Amino acid sequence: MAEDLFINEGTKEDQYQSLLPQVKALLTGEEDLIANLANIAAALKTQFDFFWVGFYLIKDGELVLGPFQGPVACTRIQIGKGVCGTAWKENRVLIVPDVDQFPGHIACSSYAKSEIVLPVRQHGKVIGVLDIDSKRLEDFDEIDHKYLEQLLIFLSKSI
Ligand code: SME
């Protein structure tokens, strides 16, 4: 297993194409959910220097903060609340170019300007979400969607 990530400094697509095989190598042979989520958060934060990268996991009917990298964050989110609770409720990816324009956005930090949230699935069932926040407006697009989805599909086969 690689101990250090190789950091790519190319386009966003180059960066994902370099990062994904490295993350897959980290996940291969490891079935522990928390260990894998922790390494995914660390790898994304290291490559892209996003403001906040982390997971919320469904526990007793609400989202509870899981492994993350970045500043401290809100610990519990109800279904349908904020971007995370909406992505969970609607079982779909949400790209928010400007969080101030998202009704009900939960501001864990005033530095976060744009956000992407993807459902995390295990055996086809949503078990939580991956949430990434950026300090820049409009930082997420279909490239992030495509590669992050690939990563989460790989994760769901590993756990
Ligand atoms: N902004 C999120 C809450 C989680 S933090 O960004 C880490 C939301 O609206 O669901």
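Predicted model: local features only at pLDDT ≥ 70, side-chain atom pairs only at ≥ 80, totals over all residues.

Ala107 sits in the loop that joins strand E4 (94-96) to E5. Helices here are DSSP runs of H or I with at least four residues, strands are runs of E with at least two, and both are numbered from the N terminus. Ala107 counts as exposed because its relative accessibility is 56%. The cut-offs are under 20% relative accessible area for buried, over 50% for exposed, and partly exposed in between, with a 1.4 Å probe and protein chains only.

Residues are numbered from 1 along each chain as its sequence is written, and side-chain values use heavy atoms, with hydrogens and water left out.

Now the other alanine. Ala87 belongs to helix H3 (residues 82-90), and it counts as buried because its relative accessibility is 0%. Leaving aside residues up to four places away in sequence, Ala87 touches Arg92, Leu94, Val117 and Pro119; contact means heavy atoms within 4.5 Å. Its C-alpha atom is 9.5 Å from that of Ile116, 29 residues away along the chain.

Next, the helix pair. How do H1 and H2 pack? Helix H1 (residues 12-27) and helix H2 (residues 33-48) meet at an angle of about 155°, and their axes are 10 Å apart. H1 is therefore roughly antiparallel to H2, a term for angles over 145 degrees. Axes are lines fitted to C-alpha atoms, for helices over the stretch in contact, and angles run from 0 to 180 degrees between N-to-C directions. On the H1 side the contact includes Tyr16, Leu19 and Val23, and on the H2 side it includes Ile40, Ala43 and Leu44.

A nonpolar core is a set of buried Ala, Val, Leu, Ile, Met, Phe, Trp, Tyr and Cys residues joined through side-chain atoms within 4.5 Å. The largest has 30 residues, and Leu44, Leu130 and Ile132 have the most contacts inside it. Elements giving two or more residues to this core include H1, H2, strand E6 (125-134) and helix H4 (142-158). A second, separate core of 18 residues has Val96, Val117, Val126 and Val129 among its members.

Note on methods: Parallel < 35°, antiparallel > 145°, perpendicular 65-115°, else oblique.
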